[in-house]
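Please read the points with the model open.

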Amino acid sequence: MKIDKGELKVREYEVYCGYYCGICKSIGRRYGQLPRMALSYDAAFLAILLESLSDAPDAPAQEHCVVHPIKKKTLIYNRAVDYAGDVMLLLAWYKLLDDAKDENRLYAKATMVMLRGIYRKLRVQYPDLCKGLEDNLESLATLEAAHCGSIDQAADAFSRIMEIIFREGVRALYGENAGTELTGNKPSEKTKSIDLDGLMETTGRIGWHLGKWIYLIDAVDDIEENLESGSYNPLLYRFSYEAAGETPQEFRDRIEPDLRFNLFHYLAIASNSLQELPLQKNQGILENIIYLGLNRKTEEIITRVEKKKRI
């Protein structure tokens, strides 16, 4: 979930980078250097979306970084940045757990030993979030193990994960106990007066449909790799791929109309839902990601642009 850099204003690009680097620095400051490897652009989108509901200023700062020790980088710290970093660490933990259990990977077991203490702290801080993630990851694993042929059914489990992350983010930042665990800018009295239930519903809807898009676009991107490894891919079962009757490219060509309809449908609903939010700032960045960045990414993956050449 990246920006379309060429269509973003210079100031907006600096803010976007400030959130991305701020999450990285937030993780390092609170948990040490190793967990910073869990950082992703998805975390930056989550943080910007959640913080855009607050009228508190972004207040960027200039700091040195381990990766860029000479030139100072723009960093933004706030409650949403901390939450996004925590979510990335939780997702990284569950991915390691899955790798250690299903594929018996030694690196996963070794890394889990180092992250166990962090996971326990996050489990206490976000019990409802963790319970929701665990239940739906278990459902997803069950469907994949059964080689589920329904894309909607398989994607729904992942979509619920994204919905929970977005909904719980609103609760953590703007709910009754907001600010008791997170650091950074606190919401003003104006921000506190927002409709919490309505915001949770709308942001959850955005998370749900972005989850649908992510699950399906990953399946599209991994067709050849999954055919080679024998790993589960819902597209191969839903559209009955037959190796003896068609090549992977012919299979892609056959299912492309269905892929386009579903992928752009998910993005359209996410876009419409974004317009329902009372955004206080950074609307241009969010619209750039959903309207331009994700649409462009969809085209690149469907048309098989090499990964190194993608935005």
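1. Helix axes here are lines fitted to C-alpha atoms over the stretch in contact, and angles run from 0 to 180 degrees between N-to-C directions. Helices (H or I, at least four residues) and strands (E, at least two) are DSSP runs, numbered from the N terminus. With these conventions, helix α1 (residues 10–31) and helix α12 (residues 283–302) have axes that come within 9 Å and cross at roughly 80°. That makes α1 roughly perpendicular to α12, where angles of 65 to 115 degrees count as roughly perpendicular, under 35 as roughly parallel, over 145 as roughly antiparallel and the rest as oblique.

2. The model is predicted: local features need pLDDT of at least 70, side-chain atom pairs count only at pLDDT 80 or more, and totals for chains, interfaces and linings use all residues. Residues are numbered from 1 along each chain as its sequence is written, and side-chain values use heavy atoms, with hydrogens and water left out.

3. Which residues of α1 and α12 meet? On the α1 side they are E12, V15 and Y16, and on the α12 side G284, I285 and I289; contact means heavy atoms within 4.5 Å. By class, this contact of α1 with α12 has four nonpolar, one polar and one charged residues. Ala, Val, Leu, Ile, Met, Phe, Trp, Tyr, Cys and Pro count as nonpolar, Asp, Glu, Lys and Arg as charged, and the others, Gly among them, as polar.

4. As to the overall fold, the protein chain has 12 helices and two strands, and from the N terminus on its elements run α-α-β-β-α-α-α-α-α-α-α-α-α-α. Along the principal axes, the C-alpha atoms fill a box of roughly 60 × 45 × 40 Å. Of the contacts between residues at least 6 apart in sequence, 72% join residues at least 24 apart.

5. Buried residues make up 49% of the 311 residues in the protein chain, where buried means under 20% relative accessible area, exposed over 50% and partly exposed in between (1.4 Å probe, protein chains only). Helix α2 (41–51) is largely enclosed by the rest of the structure, because nine of its 11 residues are buried. The buried residues are A43, A44, F45, L46, A47, I48, L49, L50 and E51.

6. α2 packs with helix α6 (residues 151–174) at an angle of about 45°, the axes being 10 Å apart. That makes α2 oblique to α6. F45, L46, L49, L50 and E51 in α2 meet I165, F166, G169, V170, L173 and Y174 in α6. This contact has nine nonpolar, one polar and one charged residues.

7. Are helix α8 (residues 196–221) and α11 roughly parallel or roughly antiparallel? Their axes are 9 Å apart at an angle of about 160°, and the two helices are therefore roughly antiparallel to each other. The crossing of α8 and α11 is left-handed. Residues in the contact include R205, H209 and W213 in α8 and R252, Y266 and E276 in α11. By class, the contact of α8 with α11 has 13 nonpolar, four polar and five charged residues.

8. H265 is located in helix α11 (residues 248–276) and counts as partly exposed, at 37% relative accessibility. H265 and W213 are 52 residues apart in sequence, with their C-alpha atoms 8.9 Å apart in space.

9. Y232 is placed in the loop between α9 (223–229) and α10 and is buried, with a relative accessible area of 14%. Leaving aside neighbours within four places in sequence, Y232 is in contact with E144, H147, C148, A154, Y215, N226 and Y237.

10. A59, in the loop between α2 and β1 (61–63), has a positive phi of about 50° although it is not a glycine. S240, in the loop between α10 (234–238) and α11, likewise has a positive phi of about 50° without being a glycine. S240 counts as partly exposed, at 46% relative accessibility.

How values were computed
A crossing is left-handed if the near helix is turned anticlockwise from the far one by less than a right angle, and right-handed if clockwise.
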